[in-house]
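Open the model in a viewer and keep the selection tool at hand. The stops below are meant to be taken in order.

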Amino acid sequence: AKQNGKNTYQFYTSDMNFTTFENLILENKLYNALERKELELYYQPQVDLNTGQIIGMEALIRWINPELGLVSPGKFIPIAEETGLIIPIGEWTLRSACKQNKVWQNMGYEPMRVAVNISACQFQQEGFVEKVGQILNETGLESKWLEIEITESIAIKNVDFTARTLRKFKDMGVKVSIDDFGTGFSSLAYLKNFKIDALKIDYSFVRDIGINSDNESIIKAIIMLAKNLKLNVIAEGVETKEQLSFLRDEECNESQGYLFSKPVPSKDFEKLLVRHNAF
Ligand code: C2E
Ligand code: CA
Ligand code: CA
Ligand code: CA
């Protein structure tokens, strides 16, 4: 408790205080998570809206700790970023996703891309492009089957650096998408200078289909923009048939969301691959 004036005490019983304490525990356990093999990748299908086929998947990290249970990435990724743990964790994620994708290809499934989320510090790390190249070499995955997802805010932080880095990925053949697109609009001008392949429409807009016409207009605008720049456009967080039919009508290329499947462990994802045409 902190003394506040003469006789009054102000107690730190707020969420804030609890969160800090909780984060400390998480941080301590996170240091060992990699070597104790507590991290796992889940996969969520990305569906081509023309054919109904799965044409890609997003790898989403999960941390399953014996004491804490399942910890969501929303909770531990920020801690990993603060502590620098995101560098080894991010490398593990890239390697695991590429390796798994190659395993599925070797098993004879239709080849498809795997999308991996990249944090700001990872993207800005020296030698990151080379590291990705090394992982592709090691795992034997062709570069065209890897997509990296960076957020709009990472991209516009240092426009020149981003443009140079994205050009290197382009030359290498690795695909790049801009995640959470529409949430951090500052300038559209940079888009045409960036060598990217896809825009991902943020969940917050998709959620509002049939509810908020302003957000519907934003979706339409993003799809039009993507078409004009010849980019692929993926809607995330699709949960209902109504949302899906809106996106189909607007000629969005691809969708991802609970309507098709939640992110699932690799063994379960394999079952989705078997019924390739199910959606
Ligand atoms: P994100 O990249 O925007 O990922 C989409 C999030 O939406 C995922 O949450 C996914 O499970 C969830 N989602 C997918 N479909 C639906 C839907 O239909 N409805 C709803 N309500 N949600 C849906 P998740 O897996 O908890 O990941 C949260 C965030 O954590 C991700 O947001 C991403 O920013 C970050 N993240 C996840 N894995 C990694 C990773 O390997 N590396 C890094 N740096 N960040 C990661
Ligand atoms: Ca993502
Ligand atoms: Ca997203
Ligand atoms: Ca997001």
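This tour goes from the metal sites to the charged pairs and then to the cysteines.

This is a predicted model, in which local features need pLDDT of at least 70 and side-chain atom pairs count only at pLDDT 80 or more, while totals for chains, interfaces and linings use all residues. Residues are numbered from 1 along each chain as its sequence is written, chains are lettered from A and ligands numbered from 1 in the order in which they are written, and side-chain values use heavy atoms, with hydrogens and water left out.

**Stop 1: calcium ion, ligand 2**

Select the calcium ion (ligand 2) and show what coordinates it: Glu58 (OE), Asn117 (OD1), Glu149 (OE) and Asp179 (OD), at 2.1 to 2.3 Å. Donors here are N, O and S atoms within 2.8 Å of the metal (3.2 Å for Na, K and Ca), and water is not among the atoms, so sites may look incomplete. Along the chain, the donors of ligand 2 follow the spacing E-x58-N-x31-E-x29-D. Two of them come from distant parts of the chain: glutamate 58 sits in strand β4 (residues 54–65) and aspartate 179 in strand β8, 121 residues apart. Helices (H or I, at least four residues) and strands (E, at least two) are DSSP runs, numbered from the N terminus.

Colour these two by accessibility. Glutamate 58 is buried, at a relative accessible area of 4%, and aspartate 179 is buried as well, at 8%. Buried means under 20% relative accessible area, exposed over 50%, and partly exposed in between (1.4 Å probe, protein chains only).

**Stop 2: calcium ions, ligands 3 and 4**

Ligand 2 and ligand 3 are 3.9 Å apart, and aspartate 179 coordinates both. What coordinates ligand 4? Its donors are Asp180 (OD) and Asp180 (OD), at 2.8 to 3.1 Å. Aspartate 180 is found in strand β8, residues 175–181.

**Stop 3: aspartate 202**

Next select aspartate 202, in the loop between β9 (198–201) and α8 (203–206). Leaving out residues up to four places away in sequence, aspartate 202 touches Asp180, Phe181, Thr183 and Glu236; contact means heavy atoms within 4.5 Å. Aspartate 202 is buried yet has no salt bridge, and the nearest side chain of opposite charge, arginine 207, is 6.7 Å away. Lys and Arg count as positive and Asp and Glu as negative; His and the chain ends are not counted.

**Stop 4: salt bridges**

A salt bridge is a side-chain nitrogen of Lys or Arg within 4 Å of a carboxyl oxygen of Asp or Glu. By this rule the count comes to 14.

Begin with glutamate 236 and lysine 200, whose side chains meet at 3.8 Å, N to O. Glutamate 236 lies in strand β10 (residues 232–236) and lysine 200 in strand β9, so the pair ties together parts that are 36 residues apart in sequence. Glutamate 236 counts as buried at 12% relative accessibility, and lysine 200 counts as buried at 0%. Salt bridges that share partners join Glu58, Glu149, Lys200 and Glu236 into one network.

Move to arginine 113 and glutamate 254, which form a salt bridge at 2.7 Å, N to O. This pair links arginine 113 in strand β6 (residues 113–117) with glutamate 254 in strand β11 (residues 254–256), 141 residues apart. Arginine 113 is buried at 9%, and glutamate 254 is buried at 2%.

Then select arginine 95 and glutamate 91, a salt bridge at 3.3 Å, N to O. They are 4 residues apart in helix α3 (residues 86–106), and therefore separated by about one helical turn. Arginine 95 is partly exposed at 22% relative accessibility.

**Stop 5: threonine 139 and the cysteines**

Select threonine 139 in helix α5, residues 128–139. Not counting residues up to four places away in sequence, threonine 139 touches Arg95, Cys98, Lys99 and Lys102.

From there, select cysteine 98, which is buried at a relative accessible area of 0%. Cysteine 121 is partly exposed, at 29%. A search of the whole structure finds 0 disulfides, a disulfide being a pair of cysteine sulfur atoms within 2.5 Å.
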